[in-house]
Each structure stands twice: as structure tokens, then as C-alpha cells.
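Please look through the structure below with its sequence alongside.

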Amino acid sequence: MTVRTTLVAATAVALSAALAAPAVAASPGSGGDDHALTRRAAQAAVAEGVPGVTVAVREGHRTWSTTAGVGNIRTGQPRSPHDRYRVGSVTKTFVATVLLQLEAEGRLSLDDSVDKWLPGLVRGNGHDGRKVTLRQLLNHTSGIFDVLADPGYRRTYMSAEGFFEHRYDRLTPQDLVAIAMSHEPFFKPGTSWRYSNTNYVLAALVIEKATGHPYGDEVRRRVIDPLHLNATSVPDRRVTLPRPGSRAYSKLGGPDTGPTYDVTELNPGIAYGGGQMISSSADLTRFYSALLRGKLLPPEQLKKMKTTVKAAERYGYGLGLVDVELSCGVHVWGHDGGIHGSNTDAATTQDGRHSVAVNFNGDWSGNTESVFEAEYCGR
């Protein structure tokens with residue numbers, strides 16, 4: 001779930017992809033000051049107005065991290081490489097991974113209709129779950145309206161006027177779907193591409209119907225625990241961040257020169273399967289590395305996950321996984337995520353050996369892609 005003011009495909013999509021061409025710079029991570037450009041990119045984001053940045057790099061068995069700026073504007077506490085933070089739409093890769101594991105186990109098919117698992121839920125104003133497949137949910141070709149594009153949702157949860165009154169609201173996923181169903185679809189299923197957080201609210205509900213367990217429990221059992229992602233969690237209604245963690249800051253739709261609000265506390269149910277999770281930069285590099293190395297999915301399902309549709313000029317969207325071509329021809333695979341006061345990008349090369357994750361604890365400034373350009377392209 002993103003709180004960025006432009007909800008177009010390219011901004012909703014993450015930095016991600018595979019190594020399609022050799023990097024033009026020496027591979028970082030071998031010691032010395034190989035990550036100097038990456039460090040400078042983090043510092044440049046702070047100079048541009050981001051309160052604080054934390055970056056982690058994993059290259060084989062070697063790890064590196066850097067921070068810049070502050071995690072708390074009031075106290076001046078610096079950001080930590082161990083910070084836990086809300087990862088927003090990076091949650092989608094975890095959800096897609098679990099759904100594909102269920103397919104590998106023969107418990108569902110990507111060609112199943114949404115209505116088979118959630119009968120009658122996707123109905124109204126031209127929506128029809130009988131005509132939408134699970135694959136179309138995962139690759140955003142369903143045409144289902146994005147709940148974040150609803151003006152009422154934006155006023156209530158993403159504006160300064162509404163956020164502080166409603167940030168602890170206990171929305172159910174069915175509430176989120178109902179908001180989307182009050183609008184017409186973006187297009188007929190399978191005829192185009194458009195990012196919609198509603199797709200992953202529904203995908204999480206399918207996991208719950210297929211397993212009989214909350215989707216967060218399945219993410220923990222199937223992904224978090226096996227990979228020992230000790231900083232990663234799927235909060236239910238916990239409104240605070242676990243420690244260590246920084247504060248999260250937002251302009252809440254106002255101008256960059258306007259007031260800066262502390263938006264750390266909120267009920268993550270307003271995002272559900274579209275953006276509910278918490279993690280750290282180190283955990284995210286471990287997750288994407290394991291995913292692309294085939295540690296979480298059989299080859300058939302990983303191939304399906306990496307089968308993309310064109311989302312923007314340099315972006316292809318697979319099943320919860322994005323392929324992004326950087327300026328030097330390097331492709332990386334991963335996802336980005338924006339939620340109140342937190343802007344995250346995580347990606348790895350096709351072989352899973354070189355992974356990067358970055359988080360800004362402000363959602364109105366800076367360019368996470370510059371960190372990836374520095375690390376992978378030496379620019």
C-alpha cells in the first residue's frame with residue numbers, strides 16, 4: 001500500500017529483476033570502500049529531505065550496511081542498520097510466494113477463479129469474481145479497482161484531516177474489498193495491466209480459505225521461520241513498531257514544505273495482504289536472495305513468478321515480483337513498498353547472489369532507485 005501522491009504503475013511497482021547484462025562497475029562487497037557510491041546515495045537522500053536511510057547489501061555470504069540521517073527527528077537518534085519498519089507492498093512478494101507454494105502442493109490452481117475460493121465477494125459495478133483468475137490477481141491484470149484510489153479512503157486514511165482520527169480503525173479485508181466494489185473495474189480481466197492493492201487483499205483471503213489459517217500464520221510458517229527472518233512479522237492489530245525501530249514521518253498529502261507528521265503508529269489492517277508486514281533491510285536481502293535461488297519455490301512455480309507483463313518502460317510485473325532494468329542494463333528482481341512514513345525497495349540479481357534493500361523513514365522525498373543505481377551500476 002503506497003502513500004505516495006502518484007499512484008501510477010511505475011511508482012507502485014518495486015525495483016526488481018534479473019541480471020540481464022554484466023554490471024559496468026566492479027561488484028561491491030569485496031572490502032575496502034567498494035560501497036562508497038551506495039553510501040553517498042543514502043547520504044544524498046537525506047540531503048534531499050529524507051529524515052533517515054538504512055541500507056543493507058548481501059553478496060554471497062558477505063553482508064554490508066550503512067545508515068544516514070536520523071530515526072527520530074525530535075531526539076536526533078540516528079537510524080540503525082537493525083531498524084524494523086513497515087515494508088508496505090513488499091508484503092505482496094511474501095503473499096505471492098505462499099500462494100505459489102499452495103499451487104505446488106496441488107491445493108489450488110492459478111487458473112482457479114476468485115469466485116471458486118471467495119464466492120460472491122467480488123461483485124458489483126461490473127466486477128465479477130467468476131471471470132477473474134488467481135494469476136490475474138497476482139500480476140495485476142484483473143482490472144479490479146484499487147481501494148487506495150477511492151477518494152473516501154484517501155481522505156480518511158491518507159490526509160492530515162483524517163489520519164489522526166482514523167489511524168486505529170479496525171478495517172476488515174472484506175471492508176477493503178467492499179470499498180473497491182463500489183467502483184467500476186479498471187478494465188475487463190486480462191485485457192490490460194494496472195496496479196491494485198485490492199488484488200492482494202483478495203489473494204490473502206484465498207490463502208486463508210485454502211489453508212483454514214490466517215494468511216500471516218502461513219507466511220510465518222512457510223517463509224519467515226524457515227529463513228530465520230527474526231526481524232520480520234505480520235502484525236495483526238499491533239499499532240506500534242517492534243524495537244529497534246525508527247519513527248516514521250509523512251507530509252500526509254501536503255506539500256514538501258508543509259508540516260512533517262509522526263505517523264509511526266497505525267493499525268496495519270488498513271493495508272492487509274497489500275502491505276501489512278514489518279521487516280528489516282537485512283531480512284529483506286535474505287528473503288529475496290533465497291527466493292531467486294529457488295529455496296522457497298520449485299522451479300515451475302519460480303518460473304511462473306518471473307513471467308512478467310509489461311507495466312512501464314523498464315518494468316515488468318510477474319506474480320508479486322517485479323523485473324526492473326537499471327540504466328546500465330542490469331536487471332534486478334524484487335518489489336517496492338510505500339506506507340505511511342515508510343518507503344522501501346528490495347531487490348536481487350537473477351541468481352540471488354547480490355541483494356540490496358533500502359528504507360526511507362519519510363514518504364515524500366528521495367529516490368530509492370538511486371541507491372540501486374549506485375550499488376549495481378556504479379553511478
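Val57 stands opposite Trp64 in β2. The strand β1, residues 52-59, pairs with β2 in the antiparallel sense over eight bridges; two strands count as paired if DSSP finds at least two bridges between them. Helices (H or I, at least four residues) and strands (E, at least two) are DSSP runs, numbered from the N terminus. This is a predicted model, in which local features need pLDDT of at least 70 and side-chain atom pairs count only at pLDDT 80 or more, while totals for chains, interfaces and linings use all residues. Residues are numbered from 1 along each chain as its sequence is written, and side-chain values use heavy atoms, with hydrogens and water left out.

Strands of a sheet pair through backbone hydrogen bonds, either parallel or antiparallel. Here β1 and β2 belong to an open sheet of eight strands with antiparallel pairing, in the order β2-β1-β14-β13-β12-β11-β10-β9. At its edges are β2 (62-69) and β9 (309-312), each of which pairs on one side only. On average, neighbouring strands are turned by 25 degrees against each other, direction ignored.

Helix α2 (residues 36-47) packs on this sheet and touches β1, β2 and β14 (354-360); contact means heavy atoms within 4.5 Å. The direction of α2 makes about 25 degrees with that of β2. Axes are lines fitted to C-alpha atoms, for helices over the stretch in contact, and angles run from 0 to 180 degrees between N-to-C directions. Helix α11 (residues 281-292) lies across β1, β12 (331-339), β13 (342-348) and β14, and runs at about 35 degrees to β1.

Two further helices, α3 (residues 91-104) and α10 (residues 215-224), pack at an angle of about 80 degrees with their axes 10 Å apart. That angle makes α3 roughly perpendicular to α10 (under 35 degrees is roughly parallel, over 145 roughly antiparallel, 65 to 115 roughly perpendicular and the rest oblique). Among the residues in contact are Phe94 and Val98 of α3 and Tyr215 and Val219 of α10.

Aromatic rings of Phe, Tyr and Trp (its six-membered ring) pair if their centres lie within 6.5 Å; planes under 30 degrees apart are stacked, over 60 edge-to-face and the rest tilted. The count by this rule is ten aromatic pairs. The ring centres of Phe145 and Phe186 are 5.2 Å apart and their planes are at 40 degrees, so this pair is tilted.
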